Amino acid sequence: IPPPTAGRPPALRTRRGRLLPGSASRGGSCRGPPLSGRTGVHKLTFAATPAMAARPFPRPPQSSGDVQQYHELLRRILAEGVRRDDRTGTGTLSVFGHQMRFDISPAEPAGTGNRAPGTGSNGHLPPAGRSEYSKAQASRLSQPTPTPSLPLSFPLLTTKKLHLRSIIHELLWFLRGETNIAYLKKHGVSIWDEWADADGDLGPVYGKQWRSWAAPDGRTIDQISGVLESLRNKPESRRHVVTAWNPADVDDMALPPCHCLFQFYVAPAFGSRPSAVGGGEPAAGNRQPSGASAPDAGCRTPDPASDPRPRLSLQLYQRSADVFLGVPFNIASYALLAQMVAHVLDYRPHEFIHTLGDAHLYLNHVEQAELQLSRDPRPGPTMRLNPAARDLFGFRYEDFTLERYDPHPHIKAAVAV
């Protein structure tokens, strides 16, 4: 990290000798190269379309892309971060506005893997009773599709070990609509203990807003069920949004939502050409995003053109991001949520985009961040979902299988409350 220039506040040094600038240099950027420009405007359609020739789908050669993106964020904060006071009294280095993109797609070719008992020839449960699906969705279900038991690329950091049980149970707890930590305590998860009152209550936090948002007319709105319905019946909609930021309830929450809004996006299958106005290149959604992670060389990469399923992506906006402790959990949690939703809808999980507002490193986490940056990333893991789990609200911890996870040891750090 370059020393501060003349006229700027003096820099702080950690015991490892790294500089913590009070007003950092703005030189350089951690962002990857931009996507190539478009030559036309493309209109997507989910009706039956002529098959296009298979196009190569480039991927980085290693699965460490997820770790490298996170490391770039740490380096950016150490180099450019503004020193700020904060609510906890700890102090932070902070940047405003950052984005990372993670591949969450199948990590093996379509058509491999074992079928679950009772599934159809395509490895999926029969579509009987799915009358709520759109005509396009019902037509697609009759085509061969990859078995849902295939491993999925999963962006779980390898430069420090993460507690997957806490990540999964917290997500299941959100989906249950609960706001008391009793469920978490029962399953050995303590990440919300510091904010709960004596009875274990947290106020109207995530679960309340996701599953039973209070409407002015006295109704309650189940946002998760609503977005599932819209993804099934109107995949092209731009309204697949769930928000946890409820101004009427914020003051009653033990901790206002940090990851406060997310949106789903459905793109046509790789094997379909969207109708286009102006011709030119394929839709931008058919390109691999710059900086996206990929499965390691030991995983076979599927041919996306052979997968007829529409592609599901999720973007999260996180207003406040504790980069050392919180963000690795958030990446894994929302990547898993996207994969679960894709699984129950028979869509192909595609990409998780993580957009950060105030991305900060607490001053008492700086040395831990330096230690993590000193470690070499290892090949990333994969995640398997139980093919029999077809209800988003019926998932259990036992329905998730993490494979090939070989992380560096855990790095302990204090939570700023």
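User: Are Asp346 and Arg390 buried or exposed in this predicted model?
Analyst: This is a predicted model, in which local features need pLDDT of at least 70, side-chain atom pairs count only at pLDDT 80 or more, and totals for chains, interfaces and linings use all residues. Residues are numbered from 1 along each chain as its sequence is written, and side-chain values use heavy atoms, with hydrogens and water left out. The relative accessible area decides the class: under 20% is buried, over 50% is exposed, and in between is partly exposed (1.4 Å probe, protein chains only). Asp346 has a value of 1%, and both Asp346 and Arg390 are classed as buried.

User: How far apart are the closest N and O atoms of Asp346 and Arg390?
Analyst: Side chains of opposite charge can pair when their charged atoms come close. A salt bridge requires a side-chain nitrogen of Lys or Arg within 4 Å of a carboxyl oxygen of Asp or Glu. Asp346 and Arg390 form such a bridge, and their closest N and O atoms are separated by 2.7 Å.

User: How many residues apart in sequence are the parts that Asp346 and Arg390 tie together?
Analyst: Helices (H or I, at least four residues) and strands (E, at least two) are DSSP runs, numbered from the N terminus. Asp346 lies in the loop between H7 and E13, and Arg390 in the loop between strand E14 (382–385) and E15, so the parts tied together are 44 residues apart.

User: Is helix H6 parallel, perpendicular or oblique to helix H7?
Analyst: Helix H6 (residues 223–233) and helix H7 (residues 326–345) pack at about 50°, with their axes 11 Å apart. Axes are lines fitted to C-alpha atoms, for helices over the stretch in contact, and angles run from 0 to 180 degrees between N-to-C directions. Angles under 35 degrees count as roughly parallel, over 145 as roughly antiparallel, 65 to 115 as roughly perpendicular and the rest as oblique. The angle of about 50° therefore makes H6, relative to H7, oblique.

User: How many of the residues of helix H8 are buried?
Analyst: Helix H8 spans residues 366–373 and is mostly covered. Its buried residues include Val366, Ala369 and Leu373.
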